[in-house]
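Colleague: Please put the model up and let's go through it together. I'd like to begin with the helices and finish with the sheet.

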Amino acid sequence: METTGSREATFLDRLFIWRRKRFSERNFILLLSFVVGILTACAGLLLKWIIHQIQFVLTHQFEVTESNWLYLIYPVVGIFLTSLFVRYVVKDDISHGVTKILFAIARKQSRIKGHNTWSSVLASAITIGFGGSVGAEAPIVLTGSAIGSNLGGMFRLNGNKLMLLVGCGAAGAVAGIFKAPIAGLVFTLEVLMIDLTMGSLLPLLVSCVTAAGLTFAFTGTSTVFEFHMEDAFQVNRVPAYIFLGIFCGLVSLYFTRTMNSLEDIFRRYSNPGIKWLIGGLTLSVLIYLFPSLYGEGYDLIHLLLNGGPGDWNMAMDRSLFYGHDHLLLLYLALVLLFKVFASTATNGGGGCGGIFAPSLFLGCVSGFIFSRLWNIYDWLGIHVPVRNFAMLGMCGLMSGVMHAPLTGIFLIAELTGGYQLFMPLMIVSVCAYLTIIVFEPHSIYSMRLARKGQLLTHHKDRAILTLMSMDSVIEKYEEFLYPDMDLGQLVKQISDSRRDVFPVVNRQHELMGVLYLDNVRHVMFRQELYHRFSVGELMSEPVARLIINDSMDVVVSTFDRTQAWTLPVVESNGVFVGFIRKSKVFTNYRQMLADLSDE
């Protein structure tokens, strides 16, 4: 009887054969990129709809003139429900979506688990709907990349094409959820490090245009944030643009380092209950004091971008600050200070969300505060338009936090329709990026992977070494020598083997030394010496030992430094794993270089 597994395998085999007969590789990639764009846009629309429905049900009856005690309850409940969903339904870590994509590209041959096509949507909808102070965009980017990865895996595409489809999913996600097709393309190139070639450009564009077009069809052609420009670009404001960029770079640095420090604190606790208690209580108190921290914070962005002096005080609605109009800048400064605590408490406590929305939120608040203070103190005698600077601040924070200046420029231009301010956008974006790069060479997404040598970059040589895995070059051994074996036992084992190098281990399989066949040729045929020499006397200390978790960059540099042709690999506790030969590394390197260059 045919089993379910065999029927599924047969179906996939037929699907694979059908695809090979009907489509060329290039045309099939374009077809899949179109499908990825559609599915990703649908996922983004669904997520936004669920979030808005939950928030409306929970908060539409709140009074604007006073604080609401339910702000103390909703975030705790949301994080608790999300953590239960992740622990008992998903049973996998789904946080840090963009970092997971980078890791999958670099270390997992661009393979992302199937549940990521839906799990992040549901988890982030619950988290944000109940008030989690994070964004929905990173979960959708992970969802889109997972859709691309699993579609490519279904049709047995190779690693290079699979990476491209992962990029198509991410590009379509950004393009769809922000209605920003150019930003989707640029985000994939800058943040995910997908190389722009003639073979990759068209599929990425197809996904971006498809996702954005579908979103336009369902939600209209208006921009995500309505924006009315006060004044066009003026040359005399260039110093203010430069100082705003530097300020945004410093805020980005504060956000990045504080978030990393707070995440390290949450990692110290292995008990999910303790994490939930700390994160939930922190988030609830902050939202109760500063309701602007509730959810993505897009309402405050709309207010600051489109309001006037009589409207901006509405930012303090539903809070203890209501009615104290003179405290607006203090309120926003405290929001700026505590946003990173709220976002980290959300994810650290068990919630699910990203930092796209927090970056936009902080950027808008930063630009608003900067421009108001600039005008109050009349620095350099130059008046600056507040709404314009609130929009420019969004660009600066996006560029600084993500280390993606082009993404910041095009995303904010497409989000707001502020194309006439391209020059200020470029100035602020570049200045913010140059400021943070002095202190942090990697973005908030990539810094942990970079420290482990697991980050893919546009540097072709390093990219290949990152994509290569240790497992692909290790020669595993089941033959071992022990120090107390005599020469006769050694000769017998050598005669039964085709190897020229042998590990010498103790009874716990910890590496003691290495024995090379060339070093014993002069005595191995003299039977009178068989009981006079032991393996411990004939072995030698290896010139270097590689650890199983070492990156391929470390492997290659160790070969270069020692001039060795074969090196042993051990676990962190010294247990022998196998040998790596330089020739094997070079062979794999050449093959991967050919694959990456093949378009």
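Colleague: How far does helix H15 reach from its first C-alpha to its last?

Modeller: Bear in mind that this is a predicted model: local features need pLDDT of at least 70, side-chain atom pairs count only at pLDDT 80 or more, and totals for chains, interfaces and linings use all residues. Residues are numbered from 1 along each chain as its sequence is written, and side-chain values use heavy atoms, leaving out hydrogens and water. Helices (H or I, at least four residues) and strands (E, at least two) are DSSP runs numbered from the N terminus, and a helix's expected span is 1.5 Å times one less than its number of residues. H15 (residues 386-402) has 17 residues, with 24 Å expected, and its reach is close to that, at 24 Å.

Colleague: How many of the residues of H15 are buried?

Modeller: Buried means under 20% relative accessible area, exposed over 50%, and partly exposed in between (1.4 Å probe, protein chains only). H15 is largely enclosed by the rest of the structure, because its buried residues, out of 17, number 16.

Colleague: How far apart are the end C-alpha atoms of H3?

Modeller: H3 covers residues 74-90, so its 17 residues should span 24 Å at 1.5 Å a residue. The model agrees with that, as the end C-alpha atoms are separated by 22 Å.

Colleague: Which helices do the buried residues of H3 pack against?

Modeller: The buried residues of H3 include Tyr74, Ile79, Phe85 and Val90. Contact means heavy atoms within 4.5 Å. The packing partners of the buried residues are H2 (25-59), H5 (119-129), H11 (272-289) and H13 (328-348).

Colleague: Is the crossing of H2 and H7 left-handed or right-handed?

Modeller: Axes are lines fitted to C-alpha atoms, for helices over the stretch in contact, with angles from 0 to 180 degrees between N-to-C directions. Those of H2 and H7 (residues 159-178) come within 8 Å and cross at roughly 35°; Ile29 and Val36 of H2 and Leu164 and Cys168 of H7 are among the residues making the contact. A crossing is left-handed if the near helix is turned anticlockwise from the far one by less than a right angle, and right-handed if clockwise. This one is right-handed.

Colleague: What is the relative accessible area of Lys275?

Modeller: Lys275 sits in H11, and its contacts beyond four places in sequence include Phe266 and Gly348. Lys275 counts as partly exposed, because its relative accessible area is 24%.

Colleague: Which residue takes a positive phi in the hairpin of E5 and E6?

Modeller: Leu567 stands opposite Ile580 in E6. The hairpin has five residues between the strands, and the residue with a positive phi, near 95°, is Gly574.

Note on methods. Two strands pair if DSSP finds at least two bridges between them.
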